[in-house]
Every structure is written in C-alpha cells, then in structure tokens.
Amino acid sequence: MQVRFVGCGDAFGSGGRYNTCFHVTGQNANFLIDCGASSLPALRRQGIVRNDIDLILITHFHGDHFAGLPFLLLDAQFSRRTRPLVIAGPRGIELRLTQVMEALFENSSKTRQRFELSVVAVEPEQPQNFGAIRVTPYAVVHGESGGPFLAYRVEAEGRVIAYSADTEWTQTLIPAARDADLFIAEAYTYDRAVKNHLSLRTLEAHLDEIKPRRLVLTHMSDDMLGRLDTLGYTTASDGMIVEL
Ligand SMILES: [Zn+2]
Ligand SMILES: [Zn+2]
C-alpha cells in the first residue's frame with residue numbers, strides 16, 4: 001500500500017501547499033481521502049491517473065477538503081471516464097455536492113455522466129465496505145458550519161490508515177486511530193490553541209492513548225511550517241509518499 005500526499009495544505013495556502021488530498025493505492029485499492037479545491041491540478045502535476053480512482057472519501061464540506069470535486073467530475077466527463085466512481089462523505093453530501101457544482105459550473109450537476117456515479121452518505125461509527133475497503137467514520141469537532149465532520153479509519157489490504165480530518169481534540173480520535181499503521185493527524189499550530197483545530201502539543205499529550213505505528217502531521221499553518229526542522233516528527237509535504 002502506498003499513501004501519497006497529493007496536497008497537505010490548509011485553507012489559506014500556507015507554504016504554497018495544495019489543499020488536502022491523499023491518494024491511497026494498493027493491489028486492489030485506489031482511492032482519495034478528501035478533494036480540496038486545488039486537487040485536480042495537484043493530481044495532474046503528480047501524474048496520477050484520475051480515472052483509475054474508485055472512491056473518494058470526504059471528511060467535511062469546507063472548500064479545502066471538498067471543493068475539488070466539481071473539477072474532478074468535469075475532468076472525468078471530458079476525459080471520457082467509464083469506470084464507476086463512488087463519493088462518500090458526511091450526511092447531506094448529495095445536496096452539498098449539487099450546490100458546489102452549480103456554484104462553480106452552472107448546470108454541471110444536471111449533466112448526464114458517461115460513468116456511474118454513486119454519492120453515499122456515511123454515519124459515525126457505522127462501518128461501511130466499499131469493495132475490499134472498510135471505512136469507519138468517527139464524529140469530530142470542527143465548528144458550526146461545513147459539517148458534519150468525520151475522521152476516518154480505513155482498513156485495506158491488511159493495513160489501517162486513519163485521518164483526523166480538521167478537528168480540535170476529541171476522544172473519538174482514539175478509537176479512530178488506535179494502533180493504526182499510519183495516522184495522518186492535523187497539527188495546525190505548535191502549541192497555540194485555535195478553536196476547532198488541533199495543536200501539536202495537544203496531539204502529543206494523547207499519543208500514548210493512540211499509539212499509531214506511524215504518524216504524519218498535516219494541515220499545518222505558517223506557525224508549524226516555520227518549525228519543520230525542529231519538530232522531531234514526520235511532516236507531510238506535497239508529493240510525499242509513505243509505503244505501508
Ligand atoms: Zn482544512
Ligand atoms: Zn475544515
């Protein structure tokens with residue numbers, strides 16, 4: 001299994017990084033976790049075959065995690081995709097996807113796709129299988145609008161990948177990421193408390209309860225990006241690959 005950090009930036013383009021988009025591939029797995037606004041150019045820059053992607057998991061409806069979908073769907077249509085595609089995300093995703101498509105490309109939500117598109121809402125702590133990939137969402141805490149907010153624990157090919165999504169500290173991150181082969185965790189700030197987000201200090205205080213086999217920090221603000229050399233943790237960068 002391989003996880004590629006197609007984009008690992010925040011909503012503000014900190015460090016010139018692309019918005020959140022992770023690409024997971026294995027023998028039978030080919031899926032994205034999140035699809036932020038800049039994801040199509042990021043995928044193209046990294047030479048990723050978009051039409052081989054079977055599944056896109058969305059954590060929440062903020063633009064830096066979700067707003068790449070209209071571009072990706074247009075790209076699929078114009079590049080004559082035939083492979084079915086599943087987009088799964090929090091409750092309300094069908095409506096939110098229609099809204100963002102209409103806002104960005106009028107009438108695009110009404111276009112008949114050449115491929116089968118399924119949009120699936122998932123619920124916290126209700127595991128769902130997508131082919132051989134088992135996904136368990138967990139509710140996380142990230143403010144009033146743009147939710148529901150989900151972290152994901154994904155089991156595929158004997159490996160567990162967990163992603164915190166954007167969240168302040170919440171106990172659900174423990175079952176979401178416990179003993180994961182890879183825990184991708186937001187570390188928005190170093191030690192400064194920012195509402196609805198996670199600082200590295202706060203995350204650190206709970207790592208004993210989570211015990212991930214590997215940890216990669218993502219969604220970092222300028223505060224974190226200025227300290228990369230001294231953190232002592234693996235930090236994501238656009239294009240970085242982790243083999244599991
Ligand atoms: Zn974000
Ligand atoms: Zn967010």
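Predicted model: local features only at pLDDT ≥ 70, side-chain atom pairs only at ≥ 80, totals over all residues.
The protein chain contains eight helices and 14 strands. Its radius of gyration is 17 Å, close to the 18 Å given by the globule rule for 244 residues, so the chain is as compact as a globular protein of that length. The C-alpha trace spans about 50 × 35 × 35 Å along its principal axes. Among contacts in the protein chain with a separation of 6 or more, 63% join residues 24 or more positions apart.

Burial and surface were computed for the protein chain. Of its 244 residues, 56% count as buried. The charged side chains comprise 24 positive and 29 negative ones, with the centres of the two sets 5 Å apart.

The structure contains zero disulfides. C8 takes part in no disulfide, and the nearest cysteine sulfur, which belongs to C21, lies 11 Å away. C8 has a relative accessibility of 0% and therefore counts as buried, since the limit for burial is under 20% relative accessible area. For C35, the closest cysteine sulfur is also in C21, at 5.3 Å, which is too far for a bond, because a disulfide requires the two sulfur atoms to be within 2.5 Å. C35 is likewise buried, with a relative accessible area of 0%.

Key: Residues numbered from 1 in each chain as written. Chains lettered and ligands numbered in written order. Heavy atoms only, no water. Helix = DSSP H or I, 4+ residues; strand = E, 2+ residues; numbered from the N terminus. Rg over C-alpha atoms; globule rule 2.2 N^0.38 Å. Buried < 20%, exposed > 50% of the residue type's maximum accessible area, 1.4 Å probe, protein only. Contact = heavy atoms within 4.5 Å. Lys, Arg positive; Asp, Glu negative; His and termini not counted. Charge placed at Lys NZ, Arg CZ, Asp CG, Glu CD.
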